[in-house]
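Please look through the model below before reading on.

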Amino acid sequence: MARVKGIFATRLSGSVGKVVFRQVGTVNVASEKPATVTNPKTKAQQEQRMYFNTVIQAYNGLKDLCDHSFENFTGKSANQAEFMRENLILAKS
């Protein structure tokens, strides 16, 4: 991963060849695309994706309630993470 500095490098995003540009906070970052991507399509992996998608859809539908329920956690991403952690376990049982 490289940090990109200079006048031309303001808010770069997208890819050029094998280099991907993105902004992390206020820093422009360049990284190389992986040579190969392993995306197993096994039954277990498809089940995991199904569980994850189901819990994400539930969170999106109940976002206001979830954010209120997990008040002791700071930030929305922490609320979502806690909801996901608790409910992925329940979805698999």
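The account below starts with the conventions and then moves from the strands to the helices and the core.

This is a predicted model, in which local features need pLDDT of at least 70 and side-chain atom pairs count only at pLDDT 80 or more, while totals for chains, interfaces and linings use all residues. Residues are numbered from 1 along each chain as its sequence is written, and side-chain values use heavy atoms, with hydrogens and water left out.

Helices (H or I, at least four residues) and strands (E, at least two) are DSSP runs, numbered from the N terminus. Two strands count as paired if DSSP finds at least two bridges between them. Strand β2, residues 14-16, pairs with β3 in the antiparallel sense over three bridges. Within that pairing, Ser15 stands opposite Val20 in β3. The hairpin of β2 and β3 has two residues between the strands, and Gly17 takes a positive phi near 60° there.

Strand β3 (residues 19-24) also pairs with strand β4 (residues 27-32), in the antiparallel sense and over six bridges. Val20 has Ser31 as its bridge partner in β4, and Gln23 has Asn28. In the hairpin of β3 and β4, again with two residues between the strands, Gly25 has a positive phi near 65°.

Next comes helix α1. Its 19 residues, 43-61, should span 27 Å at 1.5 Å a residue, and its end C-alpha atoms are 27 Å apart, which agrees; the expected span is 1.5 Å times one less than the number of residues. Val55, Ile56 and Tyr59 are the buried residues of α1. Seen down the helix axis, these buried residues fall within an arc of 105°, so they line one face of α1; the arc is that of the directions from the axis to the C-beta atoms. An α-helix has 3.6 residues a turn, so residues three or four places apart point the same way. Lys43 and Gly61 are exposed, on the other side of α1. Here buried means under 20% relative accessible area, exposed over 50%, and partly exposed in between, with a 1.4 Å probe and protein chains only.

Where does the whole structure show an aromatic pair? A search finds one. The rings of Tyr59 and Phe83 have their centres 5.5 Å apart and their planes at 50°, so the pair is tilted. Rings of Phe, Tyr and Trp (its six-membered ring) pair if their centres lie within 6.5 Å; planes under 30 degrees apart count as stacked, over 60 as edge-to-face and the rest as tilted. Tyr59 in helix α1 and Phe83 in helix α3 (residues 76-92) are 24 residues apart, so named because the pair links distant parts of the chain. Both Tyr59 and Phe83 are buried.

The largest nonpolar core has seven residues in all: Val55, Ile56, Tyr59, Cys66, Phe83, Met84 and Leu88. Helices α1 and α3 each supply at least two residues of this core. A nonpolar core is a set of buried Ala, Val, Leu, Ile, Met, Phe, Trp, Tyr and Cys residues joined through side-chain atoms within 4.5 Å. Cys66 touches Tyr59 and Phe83, not counting residues up to four places away in sequence. Leu88 lies in helix α3 and counts as buried because its relative accessibility is 16%. Leaving aside neighbours within four places in sequence, Leu88 is in contact (heavy atoms within 4.5 Å) with Tyr51, Phe52 and Val55.
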